[in-house]
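Visitor: I would like to go through this model piece by piece. Could you show it to me?

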Amino acid sequence: MKVGIVGAGMVGSSAGYALAVMGLASTVVLVDHNHDLAVAQAEDIAHAVPFMSSTIVEAADYDGLVGAKVVILAAGVSQKPGETRLALLERNAAVFKDVVGKVLSVAPEAILLIASNPVDIMTQITQRISGLPAGRVIGSGTILDTARFRSLLGRHLGISPQSVHAYVLGEHGDSEVLAWSNAKVGSLSLAEIAAQVGSPITRDVRARIDDGVRNAAYKIIKGKGATYYGIGAGLARIVKAIARDQHDVLTVSCVMPEVGGVRDVALSIPRVIGVDGISADLMPDLSSEEFEELEKSAQLLKDSVESIAL
Ligand SMILES: NC(=O)C1=CN([C@@H]2O[C@H](COP(=O)(O)OP(=O)(O)OC[C@H]3O[C@@H](n4cnc5c(N)ncnc54)[C@H](O)[C@@H]3O)[C@@H](O)[C@H]2O)C=CC1
Ligand SMILES: CC(=O)C(=O)O
């Protein structure tokens, strides 16, 4: 399967690296308006391939995306230290107005996988520009936040994050909602597992984990300028679900008809993903407090998307 990546910066190249070393694509094509950067990234990633897979990694112009089954959109600007994701909206909307049409002119059948921030709004903008069915325009959404939540919960409990089933919903951003009420480890509720392993989830532990998830990007960007390994692996994980038609449940963003009272808005809930993109939305049971937070997150995203002229 051919996978295209538009935007060969830190996020795009990390996704390309993860796809290549995991052997999830026959070909990975990197496109960037800085073509020299795309060429350099493709060459560097290609040198890792002989150790792990046989993926062909190359740089190209948009023509190189012909036949791509998935195209990852990671072009645009990223946050400076202290800057919110929403502050990138106008600049990245302008980039997407340029990029989406070019991608579809050569790869009209592709599933579009959006990474650029603010990712929920970029997903909604892409769906509007492209006119594609909502299930073929997938935002990476809270896949990364969910990984952060599972990682911190697993660390607290001394359990592998792969056995922690816990989701972050709503905006990939400051208003996201950690769904504590339905988190499970194996078949046990959080309260039960915490009691069994002797690591209670106190108010302080909860606040520490919430901060660790919600503010992870700010801390990493302050320390090293950008985040990219986590999202690179997350994007590869979504491609895996598509490439192998796995019908995996992942928290990704997509335009949905209604969330509470808010209509036509893109945000994350768990969704089933396979070869045709998203095939089902799985709205979790939430406490009334969590559902209220989700509605607030939806309203904030809706207000932001309406502020942008398309
Ligand atoms: N969804 C998520 O969880 C995450 C999203 N991000 C977002 O991903 C995006 C990319 O971040 P980085 O890779 O760190 O930035 P970067 O600056 O390293 O790379 C962006 C690339 O886009 C290219 N580009 C800009 N305009 C273009 C256009 N019109 N056509 C083609 N290429 C163009 C640039 O030349 C650059 O190489 C940002 O918006 C960032 O906020 C970053 C981390 C996590
Ligand atoms: C930058 C970003 O969106 C993240 O690391 O969550």
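Visitor: How many of the 12 residues of β12 are buried?
Guide: This is a predicted model, and the answers below are computed from it. Buried means under 20% relative accessible area. Strand β12 is largely enclosed by the rest of the structure, because its buried residues number nine of the 12.

Visitor: Over how many bridges do β12 and β13 pair?
Guide: The two strands run in the antiparallel sense. One facing pair is aspartate 248 with isoleucine 273 of β13. The bridges between β12 and β13 number 11.

Visitor: Which glycine takes a positive phi in the hairpin of β12 and β13?
Guide: The hairpin has two residues between its strands. A positive phi near 60 degrees occurs there, at glycine 260.

Visitor: What is the phi of aspartate 264?
Guide: Aspartate 264 sits in strand β13, residues 262-274. At 34% relative accessibility, this aspartate is partly exposed. Most residues other than glycine have a negative phi. Aspartate 264 has a positive one, near 55 degrees.

Visitor: Is aspartate 245 buried or partly exposed?
Guide: Aspartate 245 lies in the loop between α10 and β12. Its phi is positive, near 45 degrees, in a residue other than glycine. Buried would need under 20% relative accessible area, and exposed over 50%. Aspartate 245 has 35%, so it counts as partly exposed.

Visitor: What does helix α10 reach from its first C-alpha to its last?
Guide: Helix α10 covers residues 229-243, which is 15 residues. At 1.5 Å a residue, the expected span is 21 Å. The model comes close to that, with a reach of 21 Å.

Visitor: Which residues of α10 are buried?
Guide: An α-helix has 3.6 residues a turn, so residues three or four places apart point the same way. The buried residues in α10 are Ile231, Gly232, Gly234, Leu235, Ala236, Ile238, Val239, Ala241 and Ile242.

Visitor: Is tyrosine 218 buried or exposed?
Guide: An unreviewed UniProt entry lists Tyr218 for "modified residue: Phosphotyrosine". In the model, tyrosine 218 falls in helix α9, residues 216-224. The cut-off for buried is under 20% relative accessible area. Tyrosine 218 has 18% relative accessibility, so it counts as buried.

Visitor: How far apart do the end C-alpha atoms of residues 142-307 lie?
Guide: UniProt annotates residues 142-307 as "domain: Lactate/malate dehydrogenase C-terminal", in an unreviewed entry. The span is 47% helix and 24% strand. Its end C-alpha atoms are separated by 22 Å.

Visitor: Which residue of β11 stands opposite valine 185?
Guide: Strand β10 covers residues 184-185. Two bridges join β10 to β11, and the strands run antiparallel. Opposite valine 185 stands leucine 188.

Visitor: How many bridges join β1 to β2?
Guide: Four of the five residues of β1 (residues 2-6) are buried, so the strand is largely enclosed by the rest of the structure. Strand β2 covers residues 27-31 and runs parallel to β1. Isoleucine 5 faces leucine 30 of β2. The bridges between β1 and β2 number five.

Visitor: What is the omega of the bond that joins asparagine 117 and proline 118?
Guide: Proline 118 lies in the loop between β5 (111-114) and α5 (119-130). Most peptide bonds are trans. The bond from asparagine 117 to proline 118 is cis, with omega about -5 degrees.

Visitor: Is alanine 115 buried or exposed?
Guide: Alanine 115 is also placed in the loop between β5 and α5. Its C-alpha is separated by 19 Å from that of leucine 37, 78 residues away along the chain. At 11% relative accessibility, alanine 115 counts as buried.

How values were computed: Residues are numbered from 1 along each chain as its sequence is written. Chains are lettered from A and ligands numbered from 1 in the order in which they are written. This is a predicted model: local features need pLDDT of at least 70, side-chain atom pairs count only at pLDDT 80 or more; totals for chains, interfaces and linings use all residues. Side-chain values use heavy atoms; hydrogens and water are left out. The expected span of a helix is 1.5 Å times one less than its number of residues. Buried means under 20% relative accessible area, exposed over 50%, partly exposed in between (1.4 Å probe, protein chains only). Two strands pair if DSSP finds at least two bridges between them. UniProt positions are given in the numbering used here, feature names are shortened, and annotations may be inferred rather than shown by experiment.
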